[in-house]
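Please look over the model shown below together with its sequence. The briefing that follows takes up charged side-chain contacts and then strand pairing.

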Amino acid sequence: MNAKKMANYTNYAKAQELWKTLYLCAKESKTRRFHALYDKIYRPDILWEAWQRVRRNRGSSGVDSQTMENIEIYGEDRFLNEIYLELKENRYHPQPVLRTYIPKDDGKKRPLGIPTIKDRVVQMATKLVIEPIFEADFKDCSYGFRPKRNAHQAIAKIRKESKKSYWVLDVDIQGYFDNINHDKLMKLVEQRISDRKVLKLIRKWLQAGIMEEGKVRNSVLGAPQGGVISPLLSNIYLDVMDSLWEKKFSHLGSLIRYADDFVILCRTKQQALEGIRVIQAIMGKLDLSLHKEKSRLVNIWDDSDGFDFLGFHHRKFPIRKKGGRTFLIMNHVPSKKAMKKMRKKIKDFTEPRHKLFMDIKELVKGLNRRLQGFKNYYQLSPMSKRWLNRIDWYVLQRLNLFHNKKRNKRHKHAYLQDTVNKVQFILVKLAN
C-alpha cells in the first residue's frame, strides 16, 4: 500500500471512529444536546474524507464554475487548507446554489440546486459530524439516504407486511424539498445540537439563495435538492411524522418511508381512511400538503391492482403450487415508468450518428454499464424476469439497427442472427 492510500485509509478510519463515538453517545441519551462540534468539522482528517467522498460523487460545478479538475490542478492540499482556515477563523460564507432542471417522466422538470464544490465539501464534513447524532434517533421505518439502508430493504418490508395487509395508502408530498419550513427545521435540529456555530452554518446554507438565469433570489423555504446536507435535513424534518406514527398510530398500519416517498400498509379500509386523516394532520403541522392527484388508496386483496414505489410496481400475482393450488404473493416488477426510462436511455446511447464510427463491441461495453445497474436493482424476484426479457429484446433490436445502419442496409429492421452472435458473449443478459 503506497503512502497516499495509507493516508486515505487512516483518515477514513478516524472519521469512522468519530462517527461511532458520536452515535453511541447520542444513543445512550435521547435528551443529550451536543455543544462542541464545530471544531470537529474542520479537522484535517474530516475535511480530507469529505473531499474524497465529494470527488467520488463527481457532479457538475456551481456558480463559481470551478470543476474537480480545476481543484486537482490547483492542489488538493492547498484547497482543503484554505477551507480549514476559513472555517477556523469564521470567514466561511456559502455561495448561492445554481438552479438547474432535470426532466421528469410526466414531462415536467425537477428543480435541482447545485452548490459549489467548496460548499459541498463543507456540507459533507458537517454531515459526517452531525449525522450519527440524528441517526441514533431515526426510526426503523425510514430507509432513504441513511447508512447501511437502501431501497431493497424497504421493498423487503413491503413484501413482509403485505402478508397481513390488504389496503395501501400510496402518498406523495407536494413539492416537499421546496416547502420545508426553515424555522421549524432549525428547532428540530436544536433539539440535539446546541453548538451555535454549527446551527449558524446550517442556517447559512438554507438561506444562501438560488441563482437562476444570472439572478440571485433569496430562499425563504426549502432545502434545495442537490445539496449534500439536504437529504439529512429532510430526514430530520420527516422524522416528526415517523415518531408520531410509531408512538400513536402504528395500530393503523405499517409506515415505510424512503426520503419524501412513503406508503402505509393497512389491514382494513377503515384503518387506511383513518390513516389518511392522520397523515393530513401531520402534514399540516409541518406546513406541507399531499399531492391529491398522485396520492391514492389501493386495494391489494387480489391481483387486480397494485402501486408504484421506488421504481417498482408492487402487486400480488397468482402463483401455482404443487397440487394445483393457487396463492397470491406480493411481487415487485419494474414499473412502466422505469421500463420507458430504460428504453429511452438505451435508444439515446445507440441512436446518435457519430456512434456509427464505433465498433459494435465497443458500443456493447458502454451499454453493459447501463444494463448492469438496471439488472442489479430490478432483478429481485423470478416474476421480474418477464419484464427484463423485454429490455433484452429491445437491446438486440437497437443493436441490429446499429449494425444495419453501419453497413447502410436498406431493410434496417431485418433480423440478423450474426449481429446477435457477434455481441452475445459480451452483452449483459438481464433475465439470466
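**Salt bridges and strand pairing**

Lysine 344 is exposed, with a relative accessibility of 52%, where exposed means over 50% relative accessible area, buried means under 20%, and partly exposed lies in between (1.4 Å probe, protein chains only). This is a predicted model, in which local features need pLDDT of at least 70 and side-chain atom pairs count only at pLDDT 80 or more, while totals for chains, interfaces and linings use all residues. Residues are numbered from 1 along each chain as its sequence is written, and side-chain values use heavy atoms, with hydrogens and water left out.

**Salt bridges**

- The structure holds 21 salt bridges, a salt bridge being a side-chain nitrogen of Lys or Arg within 4 Å of a carboxyl oxygen of Asp or Glu.
- Lysine 344 is paired in this way with aspartate 348, their closest N and O atoms lying 2.8 Å apart, and aspartate 348 is partly exposed at a relative accessible area of 41%.
- Both of these residues belong to helix α12 (residues 336–350), where they sit four residues apart, about one turn of the helix; helices here are DSSP runs of H or I with at least four residues, strands are runs of E with at least two, and both are numbered from the N terminus.
- Salt bridges with shared partners join Lys30, Asp137 and Arg192 into one network.
- Glutamate 49 forms a salt bridge with arginine 53, with 2.9 Å between the closest N and O atoms, and because the two are four residues apart in helix α3 (residues 44–57), about one helical turn separates them.
- Glutamate 49 counts as buried, at 4% relative accessibility.
- The side chains of arginine 43 and aspartate 45 also meet in a salt bridge, at 2.7 Å from N to O; arginine 43 is partly exposed, with a relative accessible area of 27%, whereas aspartate 45 is buried at 9%.

**Strand pairing**

- Strand β9 (residues 306–309) and strand β10 (residues 312–320) run antiparallel and are joined by four bridges, where two strands count as paired if DSSP finds at least two bridges between them.
- Phenylalanine 309 has phenylalanine 312 in β10 as its bridge partner, and in the hairpin of β9 and β10, with two residues between the strands, leucine 310 takes a positive phi near 60°.
- Strand β10 is also joined to strand β11 (residues 326–334), by nine bridges and in antiparallel fashion, with phenylalanine 312 standing opposite proline 334 in β11.
- In the hairpin of β10 and β11, which has five residues between the strands, glycine 323 takes a positive phi near 95°.
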